[in-house]
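Open the model in your viewer and keep the selection panel handy. Here is a walk through it, one selection at a time.

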Amino acid sequence: MKYLANTATLRISPEKCVGCGMCAEVCPHAVFSFEGGKAAISGLDACMECGACVNNCPAGALSVNRGVGCAAAIINGMLTGGEPSCDCSPKGGKGSCC
Amino acid sequence: MPEIKLVLKKDENAASGRTCCAPAALPAGPWVAGSVNTPCGQAPGISTELTRRDRWDNFKCRVSSFRNDYAVPPGLYAVGAPDRESEVFVSANYKFSFDTLRRQLKGLNAWVLVLDTKGINVWCAAGKGTFGTNELIRRISSVNLAAVAGHGKIVLPQLGAPGVSAHEVSKATGFRVIYGPVRAKDIPEFIKAGYKATREMRTVKFTFWDRLVLSPMEIIPAMKKYYPLYALFALAVFGLQPSGILFRSAFTGALPFLLLGLASVFSGAFLTPVLLPYVPFRSFAVKGWIMGAAALLFSMESSTWFKLVRTNVELLALCLLFFPMASSYIALQFTGSTTFTGMSGVKKELKTAIPIYMASAVISLLLLAAYKLTEWRLI
């Protein structure tokens, strides 16, 4: 299953990549492949912008505009003027619907 | 006797200003099985069997807000009789997550380190950062994990990775983070393979079954949040006559709308999610619209109750405009439950969809007003 094409904001700086393979290890959608000992983004449309790769890249070679892919959270963010948030339980932030 | 010891331990800790590792009191529940001594006090033992009560509670999480207050105390737990060489598995303190992990640890001697994720599951908590680098570092130090497990490794669920920076944890604590498989059920295989996950174990899926168990939490909120207001509005509009509010015309007039409203909830909150990969187009708004249109046409053909809405021009136009659109909006909410939609994509959909929804709502109201004016013979 793939979502909208060419919308994911994941980017790689190949010159910074040290080829450790952590991005491929943590990616839940097998977005990365390895060419010549360096990571490459081979499945951009499968990226859900979770940020796991960015967080676990020791070389700082990756970037993404991470966030929740949830319409309710984004609409909430638009209405309150804040960041998209999945705190949609009535108990004021204690729960989460996602 | 163990309880008294625990109280003493707590007081010692309070006096020395040290936070204790184990939960403040041994938690009660059928999943607690004794306790194990650690260099930092007693760790509750946990059973690897789920009782009928555990299963029932987990079921309630699938269908109600029971999930919002379903947590275990964070801290260190023991499976079997672990020692310094035993593996450490890290989990969230949402009881459903904790249960999913512990039932896969049958026959092992292991430690389970539960982070305080405010009762939220691993993946969502990682997204928010509560299953995160800082909490993990704090928890490793508060349970004195270096003294508990001498091997310097911790196993994290892979879906914790959006919140955790493995190299930072390692720098701060000396513990090496090993990411386990996505699904807890692969843990036995993962251990057998020497703590190596296959590509298959590393990939998130979204099966028919996954989508089916998620659908109640789409249907129930839609029925609670939107449907009563919608029904009340429909009854009021159709009941309103020049001579006052008539219950008879409220009911007979509103009935087709109440039923078509149900069909929209069904198509947006159940059919679209469950049949997701088979509905054409990638946009959830479009998928929901298609299923909503199909459900509308099927319903209208199915009974003579819909004769009026089929023959009256304003009502027919209203139905064709409004119900597929309502289904589309409801289907869009499912993006929050999927395993593959990203924020940029959802924002892009909303940018187009919201103005269309608003325009449709306004035109629907105008059509309804035109119908009422004709009915009252005012135009």
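Select chain A: among its contacts between residues at least 6 apart in sequence, 42% join residues at least 24 apart, where contact means heavy atoms within 4.5 Å. Before going further, know that this is a predicted model, in which local features need pLDDT of at least 70 and side-chain atom pairs count only at pLDDT 80 or more, while totals for chains, interfaces and linings use all residues. Residues are numbered from 1 along each chain as its sequence is written, chains are lettered from A and ligands numbered from 1 in the order in which they are written, and side-chain values use heavy atoms, with hydrogens and water left out.

Trace the chain along its sequence and the pattern reads β-α-β-β-α-β-α. Of the 98 residues in chain A, 43% are buried. For accessibility, buried means under 20% relative accessible area, exposed means over 50%, and partly exposed is in between (1.4 Å probe, protein chains only).

**Across to chain B**

Now bring chain B back and look at where the two meet. In contact here are 46 residues of chain A and 50 residues of chain B. Putting the chains together buries about 4,100 Å², with carbon and sulfur atoms giving 59% of that; buried area is the accessible area (1.4 Å probe) that two parts lose on being put together, summed over both.

How many salt bridges does the rule find across the interface of chain A and chain B? It finds two, a salt bridge being a side-chain nitrogen of Lys or Arg within 4 Å of a carboxyl oxygen of Asp or Glu. Select B:Arg282 and A:Asp45 to see a salt bridge with N to O at 3.7 Å.

Helix 3 of chain A gives the most, with five residues.

**Aromatic stops in chain B**

Turn on the rings. Over all chains, the structure holds 23 aromatic pairs. Rings of Phe, Tyr and Trp (its six-membered ring) pair if their centres lie within 6.5 Å; planes under 30 degrees apart count as stacked, over 60 as edge-to-face and the rest as tilted.

Pick B:Tyr230 and B:Phe323: this pair is edge-to-face, 6.5 Å centre to centre with 85° between the planes. B:Tyr230 lies in helix 12 (residues 227-239) of chain B and B:Phe323 in helix 16 (residues 313-333) of chain B, so the pair ties together parts 93 residues apart in sequence. Both B:Tyr230 and B:Phe323 are buried.

Next, select B:Tyr329 and B:Tyr357. Their ring centres are 5.6 Å apart and their planes at 85°, so this pair is edge-to-face. B:Tyr329 is in helix 16 of chain B and B:Tyr357 in helix 17 (residues 343-375) of chain B, a link between distant parts of the chain, 28 residues apart. Buried or partly exposed, for B:Tyr329? At 26% relative accessibility, B:Tyr329 counts as partly exposed, while B:Tyr357 is buried at 12%.

**Salt bridges to finish**

Over all chains, a search of the whole structure finds 17 salt bridges. Select B:Asp54 and B:Arg102, whose side chains meet in one of them at 2.9 Å, N to O. The two link distant parts of the chain, with B:Asp54 in helix 2 (residues 52-63) of chain B and B:Arg102 in helix 3 (residues 95-102) of chain B, 48 residues apart. Both B:Asp54 and B:Arg102 are buried.

Then go to B:Arg138 and B:Glu135, a salt bridge with its closest N and O atoms 3.1 Å apart. Both residues lie in helix 5 (residues 133-142) of chain B, three residues apart, about one turn of the helix. B:Arg138 counts as exposed at 53% relative accessibility, whereas B:Glu135 counts as buried at 7%.

Definitions and conventions. Helices (H or I, at least four residues) and strands (E, at least two) are DSSP runs, numbered from the N terminus.
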